[in-house]
Amino acid sequence: MASVKIIETSVASGNTGGDMYDSPNGTYIKALALNTDWEYFDTQTVDGQIWYDLGGDQWISEIYAAPNINDLEVRSGTAKVADFTTATVYYSPNGSENTQDNPTPLPENSEWLITKPQLTAKAQFGLM
C-alpha cells in the first residue's frame, strides 16, 4: 500500500499539521500532525491539485502531503513511480517545479534511469 508523509502545515492548524477534508476541496475535518505517515488508497486530481484518499471520506492535498520514499521502488539504477501516484519534475533538489521543460508529472508505473540520487524530504532523483 502506498503512503504519504505530512510535509507542510497550515495556519488553520496553528502550524501543527496538514489539513484533512471530507472530500477534495470539501469540508475541513482536522489537521494531521507534521512528519506522520498515512496510507492512501487512491488519488484524484481536482483543479490541477492531487488529493490523496486516506479512506472513510478523509482526503489530504498534495499541498500538505508527499509520497514516501518507499513508494519509489529503486532497483538496478531505475526508479519506478508507484501505483496511484505521479512524480513531479523539479529543476534541482528542493528547487522549483519544472513546468516549462516537462509540464506534466511522470506517470504512475513509469520507470526512469537514475543519474544522480538525492535523498530529500520529497525523495528526489536525477532522471533520464
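This is a short chat about a predicted model of a protein built from strands.

Colleague: How many helices and strands are there?

Modeller: The predicted model has zero helices and 12 strands. Read along the sequence, the pattern is β-β-β-β-β-β-β-β-β-β-β-β.

Colleague: How much of the protein is buried?
Modeller: The protein has 128 residues, and 34% of them count as buried. Its accessible surface comes to about 7400 Å². Carbon and sulfur atoms hold 50% of that surface.

Colleague: What share of the contacts joins residues 24 or more positions apart?
Modeller: That share is 51%, counted among contacts with a separation of 6 or more.

Colleague: Let's talk sheets. In which order do S4, S1 and S8 sit?
Modeller: The order is S4-S1-S8. These three strands form an open sheet with antiparallel pairing. S4 and S8 are the edge strands, and each pairs on one side only. From one strand to the next, the twist averages 35°.

Colleague: What holds paired strands together in general?
Modeller: Strands of a sheet pair through backbone hydrogen bonds.

Colleague: And how many bridges join S1 to S8?
Modeller: Three bridges join them, and the two strands run antiparallel. Take isoleucine 6: its bridge partner in S8 is alanine 65.

Colleague: Which residues meet in a salt bridge?
Modeller: Aspartate 37 and lysine 5 do, through their side chains. The N to O distance is 3.0 Å. The structure holds one salt bridge.

Colleague: Why does that pair tie together parts that are apart in sequence?
Modeller: Aspartate 37 lies in strand S4 (residues 37-39) and lysine 5 in strand S1 (residues 3-6), so the pair links parts that are 32 residues apart in sequence.

Colleague: Are those two buried, exposed or partly exposed?
Modeller: Aspartate 37 is partly exposed, at 47% relative accessibility. Lysine 5 is partly exposed too, with a relative accessible area of 25%.

Colleague: New topic. What do S5 and S6 form?
Modeller: They form a hairpin, with two residues between them. S5 covers residues 42-46 and S6 covers residues 49-53. They pair in the antiparallel sense over five bridges. Threonine 45 in this pairing stands opposite isoleucine 50 in S6.

Colleague: What about aspartate 47 in the turn?
Modeller: Aspartate 47 has a positive phi of about 55°.

Colleague: Which residues make up the largest nonpolar core?
Modeller: There are 12 in all, including Ala2, Val4, Ile6, Met20 and Leu32. Ile50, Tyr52, Tyr64 and Ala65 are also among them. S1 and S6 each supply at least two residues of this core.

Colleague: What is tyrosine 64 in contact with?
Modeller: Leaving aside neighbours within four places in sequence, tyrosine 64 is in contact with residues including Lys5, Ile6, Ile7 and Glu8. Gly18 and Asp19 are also among its contacts.

Colleague: Last one. Where is tryptophan 59 found, and is it buried or exposed?
Modeller: Tryptophan 59 is found in strand S7 (residues 59-61). Its relative accessible area is 8%, and the cut-off for buried is under 20%, so tryptophan 59 counts as buried.

Colleague: Which residues is tryptophan 59 in contact with?
Modeller: Neighbours within four places in sequence aside, the contacts include Met20, Tyr21, Ser23, Pro24, Trp51 and Tyr52. Tryptophan 59 and serine 23 are 36 residues apart in sequence. In space they are 5.6 Å apart, C-alpha to C-alpha.

How values were computed. Residues are numbered from 1 along each chain as its sequence is written. This is a predicted model: local features need pLDDT of at least 70, side-chain atom pairs count only at pLDDT 80 or more; totals for chains, interfaces and linings use all residues. Side-chain values use heavy atoms; hydrogens and water are left out. Two strands pair if DSSP finds at least two bridges between them. Helices (H or I, at least four residues) and strands (E, at least two) are DSSP runs, numbered from the N terminus. A salt bridge is a side-chain nitrogen of Lys or Arg within 4 Å of a carboxyl oxygen of Asp or Glu. Buried means under 20% relative accessible area, exposed over 50%, partly exposed in between (1.4 Å probe, protein chains only). Contact means heavy atoms within 4.5 Å. Accessible areas come from the Shrake-Rupley method with a 1.4 Å probe; for residues, only the protein chains shown count as cover. Axes are lines fitted to C-alpha atoms, for helices over the stretch in contact, and angles run from 0 to 180 degrees between N-to-C directions. A nonpolar core is a set of buried Ala, Val, Leu, Ile, Met, Phe, Trp, Tyr and Cys residues joined through side-chain atoms within 4.5 Å.
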